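Subject: A structure for you to explore

Hi there,

Here is the structure I promised to pass on to you. Have a look at it first, and then read on for what turned up in it.

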2 protein chains.
Amino acid sequence: MQFASDCFLIVGDARNADFYYLTKFRTTNPCIYLICKDGTELLVVPSMELRRAERESKVKEIACYEELGYKELIEKTKDRRLAFSELIIQILKECRARSVSIPHETPAFLAFKLKEEFDLNFENPVKARRVVKSAQEIENIKEVARITVEAFDWLMRNFNFKRCEEVRNAIELKLYEIGCIAENTIASSGKLSADPHALGSGDVEDHVVLDVFPRSRETLYYADFTRVLLLNKNEKIEEMYRAVVEAQEKAISIIKDGILANEVHAEVKSILEGYGFKSKNSEGFIHSTGHGIGLEIHEEPRISDEKVELKAGMVITVEPGLYYKDVGGVRVEDTVVVTKSGCEVLTNYKKWIKV
Amino acid sequence: MQFASDCFLIVGDARNADFYYLTKFRTTNPCIYLICKDGTELLVVPSMELRRAERESKVKEIACYEELGYKELIEKTKDRRLAFSELIIQILKECRARSVSIPHETPAFLAFKLKEEFDLNFENPVKARRVVKSAQEIENIKEVARITVEAFDWLMRNFNFKRCEEVRNAIELKLYEIGCIAENTIASSGKLSADPHALGSGDVEDHVVLDVFPRSRETLYYADFTRVLLLNKNEKIEEMYRAVVEAQEKAISIIKDGILANEVHAEVKSILEGYGFKSKNSEGFIHSTGHGIGLEIHEEPRISDEKVELKAGMVITVEPGLYYKDVGGVRVEDTVVVTKSGCEVLTNYKKWIKV
């Protein structure tokens, strides 16, 4: 891992994807992770987590707060945050660090204290590493994608739901049974679906936008998947859906190592415009074409106007949508892995679903 | 809400409990929340979230990034984070703020930018408000506590599990079915249970420490509950459990409005020591007596050596434990609400469970 300073520092717990990626330590307690220029790593955990960290984390050198004098620092400072900052400063000094790189999202209170002692650089070399997935990570995402499609297919074969809440509960429960956690699943119908993130409530109307993004309970990786269920004839909705399906399939056909994300996004926009669908004032195609996915549901790269080169091993979503207040919304979404010659769809499922 | 500066600012999404508490807006997109001295609030969201925020958030005044010129700032700065910081600076200036209070955990990159323009104070008035729960919040926690006990009781009446993983999966699935999400449930057995946070794996041995802390899928509030299941005779474990049960019941009997948290903690320590259980080197009673609970699993106050006055309406856990490498660990835990004259246990369930 490359970084500009003597050390790279992360504080956090397993909810911080960068921390989890580097340590593989599933903890809910805040810990300190440090890596020096020569590759030496150190993980500092509360003493009650020490033995577990030694067993479970992939970091070799592990210390606990208490043995480094944390309790004494709390007594001295009478302030936990200050004691925590001083503990980190002490550790960094023992590593002979003069400069420290930290992620942009580091707690400000700590960063201000570090700034008094070290040259501080905002930099996150983990993000750069996480954007291209390892073979194991791709396997993890494939598995959660497989489970997602399994649950979705089960839902389609057993669809007898009258209310959006029932649809959401049914697929979330099924996903849980087979190893995933899905929250905030979107099952929205009618005009309410014109808000891309409306969860949906009340009676199922003409169509349902079903957007599910489960996380594996085992590996913590995500997949992301959306289909429109066509329940009752609504020509406007079908026309919009035809356009987004075509735009999505075109995008998938051009995605490969080396292409620019903004080229993909431009292609999607151009197809939707070709169908006559305008975008303005919170209506039309009002989000990006997709986003990276992995240990976080949204991560780099963005598939938007930004000029970012896609590379083999990136895992991204491709999800054009159209939203009009007086009609409703549609979206179609797959999770794909970019390859040398194209991309592989991990959430293969038919696009036209009449229930 | 009282604060020292002209404005108090939070950036975050619904995973940030302070943000959710103030806005009641369930979003996974980063948003800006601002409150001025005169009580005026402003919530800024992405345009695709605008209509939903207007419907769902309890904040009255809502704007979207795009109408405030975010896109132009991205084009100007060629840097999303910088554009985001400049957008916030611009909003604060429009509010005529000269000083700004921010939580200690504010992203450092943003805080450094704010520091260039404003007097910055680290301060979090929301935490002070969240520590004493409203009647509605207590109802929410009561409901998740009730569900927790229901799932636990179901597990006890149907216990036929051979492996720790099965115990964990069974109660997590049951909890999910009846409205909660539980992750990282501890079902640890044998000597591994000497690590308080070991999840547990492999065959169920003499006893199981079952520690479950579900969150309501509806309200997002937590409960926290631990019992030891006694499976095969182990006198050491039973003796340890007798001590922690006595210590816990004594603690519960003295908790009331006005008592100091460190007095409760000292009482627990003294009872465990009275039984001859020593604490040193990661063995014995190696954590605090408890913690506040609400929208976060761990929040203020700590029931530890720190001198904090407990107040009616605080919801806390009471969870003494004992841990010895060569024997294993035990812990008993309830969620309670502090009242004027005592405390009310929200997770009522018998302590001695022989399966």
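In which sense do strand 9 and strand 11 of chain B pair, and over how many bridges? Their pairing is antiparallel, and six bridges hold to that pattern between strand 9 (residues 207-212) and strand 11 of chain B. One pair to look for is B:H207, which stands opposite B:L230 in strand 11 of chain B. Please keep in mind as you read that this is a predicted model.

Strand 11 of chain B has another partner to find. With strand 19 (residues 353-354) of chain B, strand 11 of chain B pairs in the parallel sense, over two bridges. There you can see B:L229 opposite B:I353 in strand 19 of chain B. Is strand 11 of chain B largely enclosed or open? Five of the six residues of strand 11 (residues 225-230) of chain B are buried, so this strand is largely enclosed by the rest of the structure.

Now to chain A as a whole. Chain A holds 10 helices and 19 strands, and its C-alpha trace spans about 70 × 40 × 35 Å along the principal axes. Of the 355 residues in chain A, 46% are buried. If you take the contacts in chain A between residues at least 6 apart in sequence, 60% of them join residues at least 24 apart.

Five residues from domain 1 of chain A and six residues from domain 2 of chain A take part in the contact between them. On the domain 1 side, helix 1 (17-23) and helix 6 (125-130) of chain A each supply at least two residues, and helix 1 of chain A gives the most, with three residues. That side of domain 1 of chain A divides into three nonpolar residues, no polar ones and two charged ones.

Next, the sheet in chain A. An open sheet of four strands has the order 8-9-11-19 in chain A, with mixed pairing. Why is one side of strand 8 and of strand 19 of chain A left without a neighbour in the sheet? Strand 8 (186-189) and strand 19 (353-354) of chain A stand at the edges and each has a single partner strand, so one side of each has no neighbour there. Strand 11 (residues 225-230) and strand 19 of chain A run parallel and are joined by two bridges; A:L230 stands opposite A:K354 in strand 19 of chain A. Helix 8 of chain A packs on this sheet, where it touches strand 8 and strand 9 (207-212) of chain A, and its direction makes about 160° with that of strand 8 of chain A.

How do the two chains meet? The contact takes 31 residues from chain A and 31 residues from chain B. Helix 2 (50-56), helix 5 (108-115) and helix 8 (164-177) of chain A each supply at least two residues to the side of chain A that touches chain B. The residues on that side of chain A divide into 15 nonpolar, eight polar and eight charged.

Helix 8 is worth a visit here too. The axes of helix 8 of chain A and helix 8 (residues 164-177) of chain B come within 10 Å and cross at roughly 180°. Helix 8 of chain A is therefore roughly antiparallel to helix 8 of chain B. A:L173, A:Y176 and A:E177 make this contact from helix 8 of chain A, and B:L173, B:Y176 and B:E177 make it from helix 8 of chain B. These residues divide into four nonpolar, no polar and two charged.

- A:I259 sits in the loop between helix 9 (235-254) and helix 10 (261-274) of chain A. A:I259 is partly exposed, with 19 other C-beta atoms within 10 Å. Not counting residues up to four places away in sequence, A:I259 touches A:I254, A:V264 and A:L310.
- B:P125 lies in helix 6 (residues 125-131) of chain B. B:P125 counts as partly exposed, with 17 C-beta neighbours inside 10 Å. Leaving aside neighbours within four places in sequence, B:P125 is in contact with B:M1, B:Q2, B:F3 and B:F8.

Enjoy exploring!

Best wishes

Technical notes:
Residues numbered from 1 in each chain as written. Chains lettered and ligands numbered in written order. Predicted model: local features only at pLDDT ≥ 70, side-chain atom pairs only at ≥ 80, totals over all residues. Buried ≥ 20, exposed ≤ 12 C-beta atoms within 10 Å, placed from the backbone. Contact = placed C-beta atoms within 7 Å. Nonpolar A, V, L, I, M, F, W, Y, C, P; charged D, E, K, R; others polar. Axes fitted to C-alpha atoms, helices over the stretch in contact; angles between N-to-C directions. Parallel < 35°, antiparallel > 145°, perpendicular 65-115°, else oblique. Pairing = 2+ DSSP bridges.
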